[in-house]
Amino acid sequence: MKEILVSDIMTHNPATIQPDTNLLECAKVMVRKKVGSLVVIDKKKRLLGFISKHDVLWALVKKSKEDLRKIKAIDISPKKIATIKPEATVREAINKIKELKFELIRANVAANKTNAKTKEIKRAISRLITLDKSGKGGV
């Protein structure tokens, strides 16, 4: 059985923002593009971080006295970031998630940043497990 690659399940062309984008604008972008996370990149398209809707909600609750227009995306982006190549297998991605205890990992494609969400990886795993139960291959 052919192994599923990260590139097979990752989100292509994710929504991106600059590090100085304020959280109010980040929330607007998420709603407009119907996404749950944004990739923070610099002008040279280098990955600096990412923020999720949960990060925006956290800032809203924890920093409620501050105006969301004064909080920058880079200020709430996780400091610990890992990348994985799109050519990596889903199995390698899962091992990396477990090893680093991450909820989300990023797949790095030269100048184009894309992401692979844990739930997408889990979906691929469930397909592998289903195949395994049917006797046609497995993890």
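Trainee: Starting with β2 and strand β3 (residues 47-52), what makes them count as paired?

Mentor: This is a predicted model, and in it five bridges join β2 to β3. Two strands pair if there are at least two bridges between them, so five bridges make β2 and β3 a pair. The two strands run antiparallel.

Trainee: What makes the pairing of the three-stranded sheet mixed?

Mentor: The open sheet has the order β1-β2-β3. β1 and β2 pair in the parallel sense, whereas β2 and β3 run antiparallel.

Trainee: Why do β1 (16-17) and β3 count as edges?

Mentor: Each of them has a single partner strand, so one side of β1 and one side of β3 are left without a neighbour in the sheet.

Trainee: Back to Ile 51 in strand β3. Why is Ile 51 called buried?

Mentor: The relative accessibility of Ile 51 is 0%. Buried means under 20%, so Ile 51 is buried. Leaving out residues up to four places away in sequence, Ile 51 touches residues including Ile 17, Leu 23, Cys 26, Val 56, Ala 73 and Ile 76. Ile 17 is 34 residues away along the chain, and its C-alpha atom is separated from that of Ile 51 by 9.6 Å.

Trainee: Which residues have the most contacts inside the largest nonpolar core?

Mentor: They are Ile 17, Leu 23, Cys 26, Leu 38, Ile 51, Ala 73 and Ile 76, in a core of 15 residues. Two or more residues come from each of α2 (23-33), β2 (37-41), α3 and α4 (73-76), and α2 gives the most, with four residues. Leu 38, for its part, contacts Ala 15, Val 29, Met 30 and Phe 50, among others. A second, separate core has five residues, among them Val 6, Met 10, Ile 84 and Ala 93.

Trainee: Now the outside. What makes Val 61 exposed?

Mentor: Val 61, in helix α3 (residues 53-62), has a relative accessible area of 62%. Exposed means over 50%, so Val 61 qualifies. Val 61 also belongs to a nonpolar surface patch of about 300 Å², made with Leu 57 and Leu 60.

Trainee: Lys 45 and Asn 13 sit in loops. Why does Asn 13 count as exposed, and why is Lys 45 partly exposed?

Mentor: Asn 13 lies between α1 (6-9) and β1. Its relative accessibility is 61%; the line for exposed is over 50%, so Asn 13 is exposed. Lys 45 is in the loop between β2 and β3. Its relative accessible area is 46%, which falls between the 20% and 50% limits, so Lys 45 is partly exposed.

Notes:
Residues are numbered from 1 along each chain as its sequence is written. This is a predicted model: local features need pLDDT of at least 70, side-chain atom pairs count only at pLDDT 80 or more; totals for chains, interfaces and linings use all residues. Side-chain values use heavy atoms; hydrogens and water are left out. Patches are made of residues with over 30% relative accessible area and no salt bridge: like charges are joined within 9 Å, nonpolar side chains (Val, Leu, Ile, Met, Phe, Trp, Tyr) within 5 Å. Accessible areas come from the Shrake-Rupley method with a 1.4 Å probe; for residues, only the protein chains shown count as cover. A salt bridge is a side-chain nitrogen of Lys or Arg within 4 Å of a carboxyl oxygen of Asp or Glu. Buried means under 20% relative accessible area, exposed over 50%, partly exposed in between (1.4 Å probe, protein chains only). A nonpolar core is a set of buried Ala, Val, Leu, Ile, Met, Phe, Trp, Tyr and Cys residues joined through side-chain atoms within 4.5 Å. Contact means heavy atoms within 4.5 Å.
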